[in-house]
Every structure is written in structure tokens, then in C-alpha cells.
Amino acid sequence: MWTPAVATIWESWRLTRRRLLLVPALATLCGWLLSRRGASLLAFVILLVAAIAMALSLPSFGTRPAFPLSKSFARPIRTAVLVGAPLAYVFAAAAASYFLPAAFLRVATGAPLPLLPAATLSGALAVLVAGSSWVTRDATERTGLAIAAYILAGVMVKFLGPFRYVATVTRAFSVKVASPQLCVLSALDYLAIVFLIGVIYLGIAFAVARQRRGDDELSSADPSLGRSGSDRGDIMESIRSTCVGVLRWRCPDSSPMAAQIWFEMQLYGLPVLVIGALLALCIPALIQWADNSHSAIPLVIAACTFSAPFLAGVGASIWNRRNASRDKVPAFEAARPVGTAELIGLQVLVTTVCIFAAWMLMAVSLWLSLPLLAELHQYGSPGARAAQLIHRYGVRLLSGVTVGFTLLATLIALLAAIRAFAGSNGMRTLVGAVALVLYIVVLMAAVAQGWVDAAVIDVHLWALVVAIPAGTLIMLGKALAGGILTRRQMATAMLAWSLFAVLSFDLLRTAGMMNAAGALAALALAATLLPLMAVGITPWSLSLIRHA
Amino acid sequence: MTTLVEVDALSRRYGSTIALDNVSLKAEVGLVYGLVGANGAGKTTLIKHLLGLLRPHQGKVRVFGLDPVRDPVAVLRRVGYLSEQRDLPEWMRLEELLRYTRAYHPSWDQAYADQLLENFGLDRSKRFSDLSQGMRAQAGLVVAVAHRPDLLVLDEPSSGLDVVVRQDILDAIVRTVVEDGRTVIFSSHLLDEVQRMCDHVTVLHEGRVAVQGPVDEVRAMHRVSQVRFPKHLDSTPAIEGALSIAGDGRSWSVLHTAALESLREAVAQSGGEIVESRIATLEEILIARLRRSNRQRQAA
């Protein structure tokens, strides 16, 4: 019977079916390989991680923020059903993404994997994530709710205690064989989960009713609703629109490069710097907290904050600019009279400089805050220590910073290239990346378990040693032949790379890498070619989406 | 005349869908070229090829004698472009967009930009997120023409513009560009607009060129004749040379490409007579051709 509820579930399935089939299938394959070798605990962990990934990603449906089926608002369907059907689907799909592979492995390999409790937890997590992301269109509120949801998930696991039969994680990993006792929920636990899902459902239904009536609409003047920056909306959008609104300076019109730097800085660089500055202000408080509480957690948090500028910079920039059209690159940018190599070079440079500057701010803050830790009082004042370091390492410090900066720029450029490939060959790139990650995981597990000889790793390293120079030559050749890279740009890149190579060799020699095992030393040398490879592959891959 | 744009046997596919099939087009200096067609006919795809935003799967595209994919900077510097999406950065103020665009175009004419802004009544301190759809189109138009491009490419420029702005300002802009000896290529759904403004028209249908040529010639090739029969006809009469026949009973309206005398003979053979005949409008031609194409597809 084709009812509104069935139609809504069908629509949910259509929007999520690819990832729903792909990820569990790959996890099953991986789990099957491991279970056959007796490592069923590792198989359980992989299935669980895949299920958690599904639970986190499913509720978005890959559509717009807030309630994903908002196009159905105009359809004759009650809000209770409009929310209930996709929520039930999300629960069932997330649960099935664990349950079916685990059941298959139990039958096929006899691995004693827990079934219902883990599947229920996976489904409950998906409902929790849906609850945090469907209830509001406001990006900042949604981020806050997401954080609350993750905390609640942690509390839920702690309170329900599904892993209580395993004394410690260490012990669990040493057991090697999974057991249905690994993840157990009592009848009361199931009741608690049902109650939680019911509460979340009511909350979403109320919020969606508001969205449906238009009470939750953001003002059209809100820049976060803007098309270029936008419809998906996230915390970065809020930060960006605030930065652009508050810190604004005149666009220079003296040259295209000056104008483009202004564009990049205003929209993408400034938020990274602001995040860096804010975190730099937080770091002394974290250090003080660590000192007062004698806990390492604040220090871990302080260390983790260093990832924020990188994620903000790389996540938002480099032709990841969202637009309303289906174009891979917005026409506004693609139709600029500027070469692809210049444009991407500038974007990488601005992003790298801003991330680096943010890190420097945070590092200085950390350095100045270290005396707040009682254990480090004996090390003297930060100024004196810095002077000592500069005196001791001098030029090497500078060359280290230069090499670090170049490597960061290379990483950003290569990520941009991967994103461009994903833009031009979405599914193939995704499958390739997932297959590569799985291959590496299986290889590492195989070596760790002693199923294959460690020499296999050497073979892979040598393959990389050959692949990097070959790939560099091919990519530079393609970029030159396609007219994407001019001879002048190529010569400049070679010059800059020569400096980088000299500094890298010196650092590698000082670090004793040249005395390392043959494959590792050769790989370290070959890796110095990566910046040059990025010079070729990044503009070339981006030209694929600029001129699709 | 100098050829500014040359598209030769251009084909493009999106998966299994044929977006452009063996399309050829030449644009000379100082003329206005209109691209007409239903949704999905391939107008925007063709325009994107001209800008180098799409790489031809088959065929050749040359703008100013250059390949826009291989040499985008030299081509785009001399082109003004208004996209159908109007995807201008929402966070920018109009003043900032003008300065930003000016940096790329040394030929920027600030006085002309100021005049257009005044004509449109646009506030340059406003962000794009605060502008209506029509205002965005107007701002996009200013940015596209203020550097006095050699080639102005407008993708559905009228969408979002009210009828007064469309007739007064858009027409004036296009006229100014052409009087300066520059070229305009624009796509539109509004056939009266194309008929009024264009020197040359290309009708695209399902990725193919259905009709192409100077507007006057294309129109002159097609006539609408009123045919009267002595008796009431229950079904559409078969008349040789007719592209479409509409009507009922004794009076029928026939759109035809055949010469009037040939049609008169064909009608006479069917027992009817032509009572009135005039040159067809572009709208009538397009509708007749689309219906005929649909009929042929259904028959096949």
C-alpha cells in the first residue's frame, strides 16, 4: 500500500542508499577477512566503527540543514508522520548497518559477535544525531546541539554500561575473540533507549512543526543564508559571516592578485586567524586548569585545539565554496580572468599563511603559559628558554619552520587535488579512498598479527619510492602540456623547491634519517618531491572541474 | 566582418543525456545573437563552452581565435558574463564587488558603472544577501558590462528583471554595446525580446540547432496563412509544406516554410483557399517546430 509514510521512507532510502550499501559492505568484507583469521574482536571493532560512521552521517540525508525532507512541507502529510517515518528509517538503517554484517559474519565464520545490543545502540545514536541536526536551521544552535548529543551519547554508554563485561579496553584487545557478552543491554536499558527515542521524536516533531509554519525561518538578511556561503550552513559559516561583518577592509583594485588576496582573506583567511586568536586566549586557562586539577585532560584538550585552525582552513577553502548551482566551481570564480595555477597557488598560500599564523599565535600562548604548570617552574622564564633555543639551534630552527611551512602548503594543495578529483569523479574517488584505507588497515593488522612477513611493508615503501618521482614527472608534464602551468611558473616552482630540498636534506641528515633502513631513507628522500608533485597535480586536477 | 566566436560541430553529453549535438555557430563583431530554446535545450551549456567553463567532448570552440579552455585568461579578460544563477558572493557589498571586478579589468569604465547604478537605483553599500533577485540581476549586469567587454554573454538576463527595466535598461545596454562595435550573445525564453533585440537567432531544441540565421531571414522563411475550406473538416487537413496546422471546422491557421504560391496550390488541391497571410513571429516558429519535433518523436 503506497501511503505517505511509505513514500517518505522510500524518499529517505533514495537519498541514503549509496552510502548505506557501500560502507557496511566494505566493513563486512574487512570483518570477514579478519574473522577468518580468528581476529573477531577486531572485526567487531570495525563493524562498530562503520555503524557509528553510518549513524553520524545518515541523518543529514546529504541534503540541506535542519529537517532534510523540508520539501515535503507542502505535501498533504501530518507532521507526526513526516518526522516519524524518516526517524524510524534512520534508526532501522543505522541498526541494520551493524546487525546484518554482524549476523552474516556469525553465520559465515562462526565469529561470536554481539548482535541486538550493538545494533540498538547504533540506531539510538543515529536518532540522537538526527535530534540534534533536524530541530533548527540555525548553524550555531545546531553545532551546540551536536556537541550536547555527543556528550549525551557518552553518558548513555556510561550509564547503560554495554561493555561492562569487559574489564578494560586493554584486556578486550588482548582477548582476540569477540563474545556476545562484549556488548549487553538489560531489559531496563532497552526501555531507557525507547524512552529516549520517544523524547527525541517529540522534540523533533515540535521543532519541525515550527519549521513547517515558517516560525524557524532565518531572516533573509542573514548572511548565513546566502547562496555562496551557505545553504548547508555550519559553525564555520557563522564565524565567517561574523568576521566578514566585523573585520572588513577596503578591497584593493590595483591588481587582480591584490583583489584576490583580499577576497581569500576576507572570506577564508580571517576566520582561521580569529579561531587561532580565540584559542590562543583559551590556552592559558587550560594550562591553569591542568595545574589546579593535576589532570592531563586539559593538556590533551590544549593539544587538540591545534587541529582547529587546520580543519577550519582546509575545510572551508580551496574550491570547497558552496553554491546554489550544481556547478563544481561557482561560475563567479571560474569565470575570473585568472589562470588556474595562479588562482589555486594563491588560495593555498593564503590558507597556509593563515593556518601557520594561527598556530604561531597558539604556540606562543602555550609557550608563555607553560610556567603556570608547577612542574615546569624549574625550566625558567619562557623568554630565557626561547633565547636559549634560538642560540642553540639558530638557523636550523628557521629552516625547520621553512620546511614545515612548505610541507603544510603541500598537504593543503594535495587535499585540494583530492577534493577536485572527488568533484570530477565523486563515486570512484570515494570508493578508491575507502579501499585504500581498508587496504592499509588490513595490511597493518596482518603485519601486527604476524600473518604476513614485515618485509611486505618494505615492498610497499619501495613501491612508494618509485611512485612519487614517477607521479611528479607525469603530473608536471600534464600541467605543462595542458597549458595550465606556464614555463615561468614552472621555473619559479623549481627554484623554490630546490631551496626546500636543500633544507630538507640538511634536516634529514641532522635527524639521522639517512642512516635509517634503506627503504625508509629512500622514502624520506622521495617525499621531498611531494611539493613539486603538488605544483603539477593541484592546478591540473582543479582545471578538470573548472573546465568540466 | 571579423568572426569573434566560432563553434564548430560541438557535442556534449552529461552521462547518457545529449546536451549539445553537433552545434555550430559563428558570431561576428557588432551584432546581437540570441539563443532560444525550451528548458534543457542546451543554451546554458553552449554559453558555458564559450567561457571555457565546459570542455568540448567533440568539436571546437574558439573565442577571439583562442581556445577558452586552454587560454581562459586571455578570453575571459575580454568577456562580460552574467550567469543564469547570479551566484554573486552574498557577503560582499556592491561597492566591494565593483572594486574587486575592476581589479581584473584595466578597461573598467567607472563613469559608465556609476550611470548604470543610478539608472537601476542600486545602493552600493548593500550586501548581496540583502538584495532582491531583480537587484542581483541588475548588479550582475553592471559588473558584466562596465569594463566595456568585446563580447557580452548574458544567460537569461531578463529573469528577475521587471518589464520596465527589461525594456528600458537592458535594451539600452545591449544597444550601447553593439553601437560600440562589440558583440552580444544572450539566451532567453522571451521570444519577443529576442525578436526585438537580436540580429541573429539560433533556436536550439534537444541540443540540436533547429533554426539558425538572421532574425529577419528566419522570420521571412516562415509565414502564417489563414486557410478557409468550403466544408466543415472533422480532422486536421494534410497540406504539403506546412510545419503546423491549427484550427477547426472551416478555418485553419497554417505555419509554413514553403513559398506562398506553393502553399496556395497545395491548399487548392485540398479544396481550400488562403484568405490571409503574414510573416510569422519567432514565438510562432519556435512553438511550431517544437510541436512538430514532439510529434515526430511520438511517431517514432
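How do α4(A) and α7(A) run relative to each other, roughly parallel or roughly antiparallel? The views below come from a predicted model, and the first of them takes up that question.

**View 1. Helices α4 and α7 of chain A, side by side.** Here α4(A) and helix α7 of chain A, residues 187-213, pack at an angle of about 20°. Angles under 35 degrees count as roughly parallel, so α4(A) and α7(A) are roughly parallel to each other. Their axes are 9 Å apart, and the crossing of α4(A) with α7(A) is left-handed. From α4(A), the residues that meet the partner helix include A:Thr120, A:Ala124, A:Leu128 and A:Trp134. On the α7(A) side, look for A:Tyr190, A:Ile197, A:Gly203 and A:Val208, among others. Sorted by class, this contact of α4(A) with α7(A) has 13 nonpolar and three polar residues, and no charged ones.

**View 2. Helices α3 and α4 of chain A, crossing.** Now for another partner of α4(A), which spans residues 116-134. Its axis and that of helix α3 of chain A, residues 79-109, come within 8 Å and cross at roughly 150°. This crossing of α3(A) and α4(A) is right-handed. Among the residues α3(A) brings to the contact are A:Leu87, A:Phe91, A:Tyr98 and A:Phe99, while α4(A) brings, among them, A:Thr120, A:Gly123, A:Leu125 and A:Val127. The tally for α3(A) with α4(A) is 15 nonpolar, four polar and no charged residues.

**View 3. Helices α1 and α2 of chain A, packed together.** In this view, α1 of chain A covers residues 4-36 and α2 of chain A covers residues 40-57. The angle between these two helices is about 170°, with their axes 8 Å apart. Angles over 145 degrees count as roughly antiparallel, and that is why α1(A) and α2(A) get this description. Pick out A:Arg19, A:Pro24 and A:Cys30 among the α1(A) residues in the contact, and A:Ile46, A:Ala50 and A:Met54 among those of α2(A). By class, there are 13 nonpolar residues here, plus four polar and one charged.

**View 4. The six-stranded sheet of chain B.** Read across this open sheet and the strands come in the order β5-β6-β7-β3-β8-β9 (chain B), with mixed pairing. At the edges sit β5 (79-82) and β9 (208-214) of chain B, each of which pairs on one side only. On average, neighbouring strands are turned by 15° against each other, ignoring direction. Helix α1 of chain B, residues 43-51, packs on the sheet and touches β3, β5, β6, β7 and β8 of chain B; the direction of this helix makes about 150° with that of β6(B). Another helix, α5 of chain B (residues 133-145), lies across β5 and β6 of chain B and runs at about 170° to β5(B).

**View 5. Strands β8 and β9 of chain B, zoomed in.** Strand β8 of chain B, residues 200-205, pairs with β9(B) in the antiparallel sense over six bridges.

**View 6. Chain B against chain A.** Where the chains touch, 29 residues of chain B are in contact with 34 residues of chain A. On the chain B side, the elements giving two or more residues are α2 (72-76) and α3 (94-104). Of the elements, α3(B) gives the most, with six residues. This side of chain B has 14 nonpolar, four polar and eleven charged residues.

**View 7. The two domains of chain B.** Domain 1 of chain B takes in 3-212, and domain 2 takes in 223-279. Their C-alpha centres lie 40 Å apart.

Notes. Residues numbered from 1 in each chain as written. Chains lettered and ligands numbered in written order. Predicted model: local features only at pLDDT ≥ 70, side-chain atom pairs only at ≥ 80, totals over all residues. Axes fitted to C-alpha atoms, helices over the stretch in contact; angles between N-to-C directions. Helix = DSSP H or I, 4+ residues; strand = E, 2+ residues; numbered from the N terminus. Parallel < 35°, antiparallel > 145°, perpendicular 65-115°, else oblique. Contact = placed C-beta atoms within 7 Å. Nonpolar A, V, L, I, M, F, W, Y, C, P; charged D, E, K, R; others polar. Left-handed = near helix turned anticlockwise from the far one by under 90°. Pairing = 2+ DSSP bridges. Domains from an automatic or database assignment.
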